[in-house]
Amino acid sequence: MRALIDGRAYDTEAAEEILRFPKQVNLGPLFCGDGQVWTCREFILYRTARGEFFEFDGEAETIALLTRREARAIMRETDPDSCGPLCWGA
């Protein structure tokens, strides 16, 4: 998938897939009540050739930009042994 965000192209085909991780997603109110509907989806963390990070929600087909700090937090929480220098200060 390809998305244009703030004049820059982000493409899942061109970026490096870092890892897949589960994430809770709020689907909004349940019918007319006050309750919220939550579901867990698989997201994919990508890094571009410029070193930028984004997450891809394959079900909703959306791309969201992440800061380096947010990407590190996802890597630490998901698989701390695989994130290497990205997590520990490089």
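Does Glu61 count as buried or exposed, and at what relative accessibility? At 55% relative accessibility, Glu61 counts as exposed, where buried means under 20% relative accessible area, exposed over 50% and partly exposed in between (1.4 Å probe, protein chains only).

The views below show a predicted model, in which local features need pLDDT of at least 70 and side-chain atom pairs count only at pLDDT 80 or more, while totals for chains, interfaces and linings use all residues. Residues are numbered from 1 along each chain as its sequence is written, and side-chain values use heavy atoms, with hydrogens and water left out.

**View 1. The chain and its elements.** The chain has two helices and six strands, which are DSSP runs numbered from the N terminus (helices, H or I, at least four residues; strands, E, at least two). From the N terminus on, the order of these elements is β-β-β-β-β-β-α-α. Of the 90 residues in the chain, 32% are buried. The accessible surface comes to about 6,000 Å², with 51% of this belonging to carbon and sulfur atoms; such areas come from the Shrake-Rupley method with a 1.4 Å probe, and for residues only the protein chains shown count as cover. Among contacts (heavy atoms within 4.5 Å) between residues at least 6 apart in sequence, 37% join residues at least 24 apart.

View 2. Four strands form an open sheet in the order E3-E4-E5-E6, with antiparallel pairing, two strands being paired if DSSP finds at least two bridges between them. E3 and E6 each have a single partner strand and stand at the edges, so one side of each is left without a neighbour in the sheet. On average, and with direction ignored, neighbouring strands of this sheet are turned by 30° against each other. The antiparallel strands E3 and E4 are joined by twelve bridges, and Arg20 has Ile44 in E4 as its bridge partner. Helix H1 lies across E3, E4, E5 and E6 and runs at about 95° to E3; axes are lines fitted to C-alpha atoms, for helices over the stretch in contact, and angles run from 0 to 180 degrees between N-to-C directions.

View 3. In soluble globular proteins, nonpolar side chains tend to be buried together. A nonpolar core is here a set of buried Ala, Val, Leu, Ile, Met, Phe, Trp, Tyr and Cys residues joined through side-chain atoms within 4.5 Å. The largest such core has ten residues, namely Leu19, Phe21, Val25, Phe43, Leu45, Phe53, Leu66, Ala71, Ile74 and Met75. E3, E4 and helix H1 (68–78) are the elements that give two or more residues to this core. Apart from it lies another core, of nine residues, including Ile44, Tyr46, Phe54 and Phe56. When residues up to four places away in sequence are not counted, Phe21 touches Arg41, Glu42, Phe43, Ile44, Leu45, Glu55, Ile74 and Thr78.

View 4. Side chains of opposite charge can pair when their charged atoms come close. A search of the whole structure finds eight salt bridges, each being a side-chain nitrogen of Lys or Arg within 4 Å of a carboxyl oxygen of Asp or Glu. One of them joins Glu42 and Arg20 (3.1 Å, N to O). This pair links distant parts of the chain, with Glu42 in strand E4 (residues 36–47) and Arg20 in strand E3 (residues 16–29), 22 residues apart. Glu42 is partly exposed at 46% relative accessibility, and Arg20 is partly exposed at 42%. Lys23 forms a salt bridge with Glu55, and their closest N and O atoms are 2.6 Å apart. Here too distant parts of the chain are linked, with Lys23 in strand E3 and Glu55 in strand E5 (residues 53–57), 32 residues apart. Lys23 is partly exposed, with a relative accessible area of 31%, whereas Glu55 counts as buried at 6%.

**View 5. A salt-bridge network around Arg50 and Glu52.** The side chains of Arg50 and Glu52 meet in a salt bridge (2.8 Å, N to O). Salt bridges with shared partners join Arg8, Arg50 and Glu52 into one network. Arg50 counts as partly exposed at 46% relative accessibility, and Glu52 is partly exposed with a relative accessible area of 22%.

View 6. Asp6 is placed in the loop between strand E1 (2–5) and strand E2 (8–11), has a positive phi near 50° although it is not a glycine, and is exposed at 75% relative accessibility. Glu61 lies in the loop between E5 and strand E6 (62–66), and its phi, near 55°, is likewise positive in a residue other than glycine. Thr48, in the loop between E4 and E5, counts as buried at 13% relative accessibility. Leaving aside neighbours within four places in sequence, Thr48 is in contact with Tyr10, Ala15 and Phe54.
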